[in-house]
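Hi everyone, thanks for coming. Please bring the structure up on your screens, and I'll walk you through it.

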Amino acid sequence: MSKKLTSTCFVRFEKELCAGRGTCLPVCPTKAIRIKTKKAVRIVEQCIGCGQCIRVCRERAVSAATEGPEVLNDDHIAIALVSPVLYAQFPGVMPKDVLLGLRQMGFQHTIDMSYFLEMFQYAAEEFISRNRASGQAPWPLISPICPVVVRLIAFKFPNLLPNVLPVLRPVALMAREVKRRLIPEYLARDQKVVLYYINPCPTKKDPACLPADKQPDPPEIALGINDIYPQLIKHVDQIRSADAIPFYQTRFEYETCATGNASLWAMSGGEIADMDIDRSLAVSGMDETIQYLEKIELGLFQDIEYIEFRTCREGCLGGVLNATDKYLAKSAVQKMVKRFGLGRRLHRENILRMYEKGEFQTDKDPSKLTTLFGARKKALSIETMQKIEKVLQLIKGTDCTACGAPDCRTFAEDVVRGEAKLNDCVNIVDK
Amino acid sequence: MRVTSPGWTENDNLPLKDVPPARVTARSENVSPMPRLTKSYHIKARDFIRAGEASINIQNLLKSMDFDPRLIRRVAICGYEGEMNVVMHGGDGTLSIELDDEKLTLEISDDGPGIEDIELAMQAGYSTANDDHREMGFGAGMGLPNMKKNSDHIHIESLKNNGTVVRMLFMIPEKGETD
């Protein structure tokens, strides 16, 4: 029996606001939501943090499990780990000025994630070109960058886990570097450090959800871009109009962002645009991602080497926590790329040396990912499947969702599993 | 002329439709019949955009049940190849699945032009696809050979201008029997 709660590790839910209309039911890719006594409930372990329910809820009863800027204070060193999607929120502004704005807001360090995305890109190219000869992993390889895609595969397409590119994700590279180089000196001085992930989507797990012995050290807090945007835009405007630009000391290259085109990563296709792989595809959107994954499972697309999947339409620009409309942001990115072109800051030789040392190898066994979802529902036998078919024939439904399930098929399954009552269906009650 | 695939003898336990062995014996011994599930899906001719949907449905059905992923993959590949054959060459068609504890049968039927020489059609690389099909990346002549390779038994029946029936059998290994 699965637990049914209202909030998950990725989203918070305010029951009082829920009108029970069920707009969130059909958009949930793992069918984790039901309406019970006119309020939404979630099968918590099935939430993959995609944010689809946040996007469609008109009452705004669902929000991301992120914090606001008020958590910043003087008692700790605040390190901002910045997704390049943030740059795309400020059309015409250079990424380095956005990072300066964050410094003004009270972050002692700003880490530009696009630096690590580049690092990842070199490593990915290397793995793919070696895989042509070694056949270590099956084609097409799937980008591990979007965590929702990886969780979706683990939940719905576990057969495709070997296709997920086994290279450390940029976020992991970034966190490792910060923990290696930046944090130790503060800890030596007994200063408290907090890592702030500035994200366009609710994919960072709420630490409150983790057991006490798995708590991240130093503590990690996720901030939604829309949580900090109102404050940040004031600082960015100030920086742009000021005669004297404030100066902050940076020790590492990745503490600022010297290029203008870093926001390209926020766009669908941004990952593969500059990659040295001819046979690649970029797919965005939840429905499109699922359709492609289904076809890969059928054995299609084996002539493609790499597929960049983003479950948000138009890529991370379409993330549900962004402050600027995705099409305006896309236009801003395109202008930046036009002005600065493509190009990388890092040198291939250096990255290859790291690659040889195994610095990009994931130590995680992909098949372990399936355990993320706790106790899975029991597989159906032929008898139960027959019962489900019988229920479906009985209700002759139209996926109206009035029963509180996302569709008739799911409702019939719930009935057979004993988690719903047959007369919850309006077609049955009418008879 | 009615043609069937080579190697076919009356002793083969196919076509399964006419001889459902499990059910007959079960009844005669007065034991409850083996549970059996059947489903069929419509395939529309020339609909390249939605081609594959029936196979994906079958794949999703099998995934929610307790089947070996390798078996699911073989069934899905056969279903998809068959579906593409119907979309490319056949008229409208049906993909149906029948399964019980011992075996799974996939049947693809259409009311298209039929296959004139089944032996030739079974050869790898033989194709009657046109240039449009090839431009879309289909028509490599691997459809039927692939279906033969991935199923435990294949039987094809065709009547000129009167459609084709492809029936494939997959044995379901008993629990714990998988290698």
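Predicted model: local features only at pLDDT ≥ 70, side-chain atom pairs only at ≥ 80, totals over all residues.

Residues are numbered from 1 along each chain as its sequence is written, while chains are lettered from A and ligands numbered from 1 in the order in which they are written.

Let's begin with the layout of chain A. Its domain assignment lists domain 1 (1-64), domain 2 (69-373) and domain 3 (381-431); such bounds come from an automatic or database domain assignment. Taken over C-alpha atoms, the centres of domain 2 and domain 3 of chain A are 42 Å apart.

Now find helix 3 of chain A, residues 95-105. A word on terms: helices (H or I, at least four residues) and strands (E, at least two) are DSSP runs, numbered from the N terminus. A residue is buried if 20 or more other C-beta atoms lie within 10 Å of its own, exposed if 12 or fewer, and partly exposed in between, with C-beta atoms placed from the backbone. Why is helix 3 of chain A largely enclosed by the rest of the structure? Because eight of its eleven residues are buried. Among them are A:V98, A:L99 and A:L100. The buried residues of this helix pack against strand 6 (77-82), helix 2 (85-88), strand 7 (109-112) and helix 7 (225-241) of chain A; contact here means C-beta atoms, placed from the backbone, within 7 Å.

Next, a helix pair. The axes of helix 4 (residues 113-134) and helix 11 (residues 348-356) of chain A come within 10 Å and cross at roughly 65°. That makes helix 4 of chain A roughly perpendicular to helix 11 of chain A. Axes are lines fitted to C-alpha atoms, for helices over the stretch in contact, and angles run from 0 to 180 degrees between N-to-C directions. Under 35 degrees counts as roughly parallel, over 145 as roughly antiparallel, 65 to 115 as roughly perpendicular and the rest as oblique. On the helix 4 side of chain A, A:M119, A:Y122, A:A123 and A:E126 meet A:R348, A:I351, A:L352 and A:Y355 of helix 11.

How many residues of chain A are in contact with chain B? The count is 13 residues of chain A, touching 17 residues of chain B. Helix 9 (286-297) and helix 12 (382-395) of chain A each supply at least two residues of that side of chain A. The largest share, four residues, comes from helix 12 of chain A.

Finally, chain B, which has six helices and six strands. Of its 179 residues, 32% count as buried. Residues 24 or more positions apart account for 64% of the contacts in chain B with a separation of 6 or more. Look at helix 2 (residues 53-63) and helix 3 (residues 69-88) of chain B: their axes come within 8 Å and cross at roughly 165°. These two helices of chain B are therefore roughly antiparallel to each other.

Technical notes. Contact = placed C-beta atoms within 7 Å.
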